[in-house]
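Hi there,

Here is the structure I promised to pass on to you. Have a look at it first, and then read on for what turned up in it.

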Amino acid sequence: MTENSTLLIRSRRMVIGDEVREGAVFVRDHRVEVVGGYELRLDADRTVDLGDLPLLPGVVDSHVHVNEPGRTEWEGFGCATRAALAGGVTTICDMPLNSLPVTTTVDALRAKVAAAAGQCAVDVAFWGGAVPGNLSDMEGLLDAGVVGFKCFLIDSGIPEFPPLDRGGLRAAMKAVADYGAPMIVHAEDPSQVTTPSGSSYDAFVASRPPVAERRAIETVISAAAFSGARAHIVHLAAGECAALISAAKAAGIALSAETCPHYLFFAAEEVPAGHTEFKCCPPVRYAVNREALWRALGDGAIDAIVSDHSPCTPSLKGLTSAGGGNGDFRTAWGGISSLQLGLSVVWSVARRRGFSLADVSRWMSAFPASLAGLPSKGRIAVGCDADFVAFDPDASWEVRGAELLHRHPVTPYDGRTLTGRVTRVWLGGAEVTPADPPRGRLLARGGRPLGV
Ligand SMILES: [Zn+2]
């Protein structure tokens with residue numbers, strides 16, 4: 001979209017706030033200028049009438065491991081953002097690991113920005129990392145534009161990103177409290193995690209029980225109460241923790257939580273032996289737990305659904321190809337690849353439970369945008385960036401891992417039939433495809449351009 005050009009999109013099923021209704025959106029110069037009824041009469045350089053095809057705000061995926069620089073053989077900004085675009089994700093927030101360097105200093109952020117610049121097909125923002133010993137780097141990282149900080153309470157799997165202990169968590173949260181930036185926490189308590197007793201998936205699940213999440217979330221709640229900082233639980237897998245989170249919210253603690261498509265779609269009972277493409281931490285638990293997570297989304301205990309896209313090479317999964325079932329759950333890298341699939345995966349199972357596209361959009365666009373402090377993202381509203389997705393909610397299609405734009409084809413969704421497909425995407429008012437030259441921007445907290 002060129003300077004001052006205009007675009008009008010009509011749809012009889014537009015997600016506006018908490019509603020799906022007839023509407024039209026008028027865009028000038030990359031941003032939404034008017035949101036009106038379907039018959040809105042305004043002259044635009046270009047008019048698109050989607051008819052009954054729904055229009056959603058672009059998905060904001062606030063939990064993506066791009067791994068570049070340093071582990072670019074796992075994933076990278078070019079392919080990750082093209083995959084995002086294909087899946088209707090118009091903004092991603094990159095995690096501070098597993099890149100090298102990890103994003104725990106301003107210099108490391110500079111290295112990441114240099115790696116990302118010019119190759120992003122969607123908008124990208126960055127989390128900083130909170131690790132032992134980098135308290136003095138946090139203010140600089142915030143000034144430079146990270147959207148908040150990620151920390152672990154348990155071994156992250158890579159030595160350069162060690163966990164915080166309770167004291168370290170409190171100190172780090174105290175440091176971010178004045179900025180209003182969130183501390184997002186991988187919440188598993190190492191004292192409750194054991195070595196798997198065997199190679200089966202059940203043994204792996206048993207080694208990382210719900211109580212490990214519960215104890216860690218208690219630690220986060222007490223640190224949030226102590227510091228006054230905003231805390232967010234990443235990839236909540238144990239549904240039983242919803243009550244704890246709701247109680248903390250009711251007590252006025254600034255706490256939120258996300259879960260992921262894989263916890264809502266799969267169940268431990270159906271993970272085949274050796275299929276380590278299903279391995280992630282915390283693990284995909286049993287079907288009864290999956291239903292508890294859905295209830296927690298329904299009652300607002302869980303606020304968001306994000307991919308936690310965390311790919312690696314097939315060999316680190318212990319797999320020789322796109323699957324194959326020859327992996328070992330004890331040694332395989334933990335992480336599930338799904339950036340391109342999240343919206344379709346979630347819609348496939350949300351619709352069966354009676355949720356609407358507005359619910360899905362709240363979980364996958366509006367909340368992640370607010371968590372990351374990106375007020376112009378995640379909504380179709382006046383003043384917001386013109387990032388939209390046309391989504392056919394009834395299209396049925398089969399996932400082929402090898403056809404996805406992720407760097408590697410390994411994904412547990414390979415061969416699954418999904419309902420709902422992204423058909424068109426607009427980024428800043430321009431209709432874009434993964435084949436187009438990259439036009440994504442690098443964003444700082446607040447939505448300003450990132451410059452370090
Ligand atoms: Zn993650």
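Please keep in mind that this is a predicted model.

Cavities

The largest cavity holds a volume of about 60 Å³. It is one of 2 cavities of 30 Å³ or more that a search of the whole structure turns up. To find the largest cavity on your screen, select Glu277, Pro311, Cys312, Lys317, Gly335, Ile336, Ser337, His408, Val410, Thr411 and Pro412, which line it. Sorted by class, that lining consists of 5 nonpolar, 4 polar and 2 charged residues.

The second largest cavity has about 50 Å³ of space. Its lining includes Val59, Val60 and Asp61, along with Pro261, Ile305, Leu339, Gly342 and Met364 among others. Two elements give two or more residues to this lining: strand E6 (59-64) and helix H10 (342-350). The largest share, 3 residues, is from E6. In this lining, 9 residues are nonpolar, 2 are polar and 1 is charged.

Now to the open spaces. The largest pocket has a volume of about 540 Å³. It is lined by 30 residues, and those closest to its centre are Asp155, Ser156, Gly157, Arg208 and Cys281. Strand E10 (149-152) and helix H5 (201-207) are the elements that give two or more residues to the lining of the largest pocket. That lining is made up of 12 nonpolar, 12 polar and 6 charged residues.

For the second largest pocket, the volume is about 190 Å³. Of its 13 lining residues, Ala86, Gln340, Trp397, Leu404 and Arg421 are the closest to the centre. At least two lining residues each are supplied by H10, strand E15 (388-398) and strand E16 (417-427). By class, the second largest pocket is lined by 6 nonpolar, 3 polar and 4 charged residues.

The zinc site

Which protein atoms are the donors of the zinc ion? They are NE2 of His63, NE2 of His65 and OD of Asp308, at 2.1 to 2.2 Å from the ion. Along the sequence, the spacing of these donor residues reads H-x1-H-x242-D. Histidine 65 sits in the loop between E6 and helix H1 (77-86), while aspartate 308 sits in the loop between strand E14 (304-305) and H10, so this pair ties together parts that are 243 residues apart in sequence. Histidine 65 and aspartate 308 are both buried.

Cysteines

How many disulfides does a search of the whole structure find? The count is 0. Two cysteines show why. For cysteine 120, the closest cysteine sulfur belongs to cysteine 79 and is 11 Å away, which is too far for a bond. Cysteine 120 counts as buried because its relative accessibility is 2%, and the cut-off for buried is under 20%. For cysteine 384, the closest cysteine sulfur is that of cysteine 93, but the 15 Å between the two sulfurs is too far for a bond. Cysteine 384 is buried too, with a relative accessible area of 1%.

Enjoy exploring, and best wishes

Key:
Residues numbered from 1 in each chain as written. Predicted model: local features only at pLDDT ≥ 70, side-chain atom pairs only at ≥ 80, totals over all residues. Heavy atoms only, no water. 1 Å grid on protein atoms, 1.4 Å probe; cavity = no way out; pocket = protein on both sides within 12 Å on 5 of 7 lines; lining within 4 Å. Points joined across faces, edges and corners; volume = space filled by probe spheres on them. Nonpolar A, V, L, I, M, F, W, Y, C, P; charged D, E, K, R; others polar. Helix = DSSP H or I, 4+ residues; strand = E, 2+ residues; numbered from the N terminus. Disulfide = S-S within 2.5 Å. Buried < 20%, exposed > 50% of the residue type's maximum accessible area, 1.4 Å probe, protein only. Donors = N, O, S within 2.8 Å, 3.2 Å for Na, K, Ca; no water.
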